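Thanks for coming. I will go through one structure, piece by piece, so please keep the picture in view.

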Amino acid sequence: MARPYRIRQYPLDSGALEIQFIEEFFGEFDRKKTAPEIRARLAGREHAILMVEAELPEEPGHWAPVSYRVAHELRREETAPKLADLVRRLEGKVRFAGQRVLYAWLGGTRSDWRGQGHFRALSESLEEWAAEQGFREIVVKTKNRYYEMRGTLTHLHFDVIHHEAHPLHVGESKVYLSKRLGAARRRPRRLAFDRYQTV
Ligand SMILES: CC(C)(COP(=O)(O)OP(=O)(O)OC[C@H]1O[C@@H](n2cnc3c(N)ncnc32)[C@H](O)[C@@H]1OP(=O)(O)O)[C@@H](O)C(=O)NCCC(=O)NCCS
């Protein structure tokens with residue numbers, strides 16, 4: 001079968017630069033992450049920066065990222081204020097003792113490449129990587145108003161584990177979801193996965 005797409009796992013420095021580029025050009029969200037922020041968050045903790053690359057129809061021969069997923073380990077003992085706050089909010093919802101927890105921090109697909117299974121392929125790759133590293137649960141946070149992401153996480157079998165209502169705007173309410181990675185819960189890859197070469 002032809003493999004028109006690539007899945008690439010990036011090292012930290014070049015990955016942080018790519019993500020900065022992606023967030024600037026196809027993340028439609030409020031606070032775009034910069035390379036220094038990404039490096040500061042990921043350095044010193046186990047992490048994965050995964051991207052789907054495709055040959056752009058407007059630039060034959062030029063491969064560019066069209067979908068990305070960034071995840072890192074989350075420990076109960078986090079001291080960085082944002083992560084310590086996240087762990088506090090997850091208390092009683094996620095078990096940190098005796099298992100490794102992965103936090104799926106950033107991700108998206110370029111708007112003109114959505115609905116083609118690229119985010120699913122990345123998510124399945126991430127889950128395989130995570131299981132190999134001994135992670136047992138993936139946690140993700142989103143907001144009510146991110147309907148595409150919520151629908152997608154449902155399709156990827158994430159369970160809602162916590163909801164924090166926003167006092168004024170329901171769309172700003174936070175939704176926390178999780179997926180456990182036990183071997184029994186892993187499903188075989190879809191045939192569509194054969195479209196990707198891993199580089
Ligand atoms: C959410 C997003 C990443 C999905 O990317 P994508 O590459 O289009 O997703 P895929 O095509 O791989 O779809 C994965 C699954 O989700 C489903 N899905 C995709 N978009 C969906 C939507 N808008 N509503 C419901 N389900 C959706 C697909 O049907 C597919 O399920 P299946 O494999 O069981 O058929 C993309 O729409 C996006 O980047 N949105 C903006 C990012 C965002 O919302 N960020 C919020 C910050 S948390």
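I start at Gly-44, which comes just after helix α2 and has a positive phi of about 85°. Keep in mind that this is a predicted model.

Now step back into the helix itself. Which residues of α2 are buried? In this helix, which covers residues 35-42, they are Ile-38, Arg-41 and Leu-42. Looking down the axis of α2, the buried residues fall within an arc of 85°, so they line one face of the helix. As a general point, an α-helix has 3.6 residues a turn, so residues three or four places apart point the same way. On the other side of α2, Pro-36 and Ala-40 are exposed.

Ala-35 also belongs to α2. Why does Ala-35 count as partly exposed? The count is 18 C-beta neighbours inside 10 Å; a residue needs 20 or more to be buried, and 12 or fewer to be exposed. So Ala-35 ends up as partly exposed, because 18 lies in between. Leaving out residues up to four places away in sequence, Ala-35 touches Ala-16, Leu-17 and Gln-20. Take Leu-17: it is 18 residues from Ala-35 along the chain, yet their C-alpha atoms are separated by 5.2 Å.

Next, the sheet. It is open and has eight strands, in the order β6-β7-β5-β4-β3-β2-β1-β8, and the pairing is mixed. At the edges are β6, residues 159-164, and β8, residues 196-198, each of which pairs on one side only. On average, neighbouring strands of this sheet are turned by 25° against each other, if direction is ignored.

β3, residues 63-74, pairs with β4 in the antiparallel sense, over eight bridges. Glu-73 stands opposite Leu-102, which is in β4.

α5 lies across β5, residues 135-143, and β7, residues 174-180, and it runs at about 155° to β5.

How many residues surround the ligand? There are 19, and the closest are Gly-108, Arg-114, Phe-119, Gly-151 and His-155. By type, the shell divides into four nonpolar, twelve polar and three charged residues. Three elements each supply at least two residues of this shell: β4 (100-109), α4 (118-132) and α5 (147-155). Which of the elements gives the most to the shell? That is α5, with five residues.

Notes. Residues are numbered from 1 along each chain as its sequence is written. This is a predicted model: local features need pLDDT of at least 70, side-chain atom pairs count only at pLDDT 80 or more; totals for chains, interfaces and linings use all residues. A residue is near a molecule or strand if its C-beta atom, placed from the backbone, lies within 6 Å of it. Helices (H or I, at least four residues) and strands (E, at least two) are DSSP runs, numbered from the N terminus. Ala, Val, Leu, Ile, Met, Phe, Trp, Tyr, Cys and Pro count as nonpolar, Asp, Glu, Lys and Arg as charged, and the others, Gly among them, as polar. The arc is that of the directions from the helix axis to the C-beta atoms. Two residues are in contact if their C-beta atoms, placed from the backbone, lie within 7 Å. Two strands pair if DSSP finds at least two bridges between them. Axes are lines fitted to C-alpha atoms, for helices over the stretch in contact, and angles run from 0 to 180 degrees between N-to-C directions.
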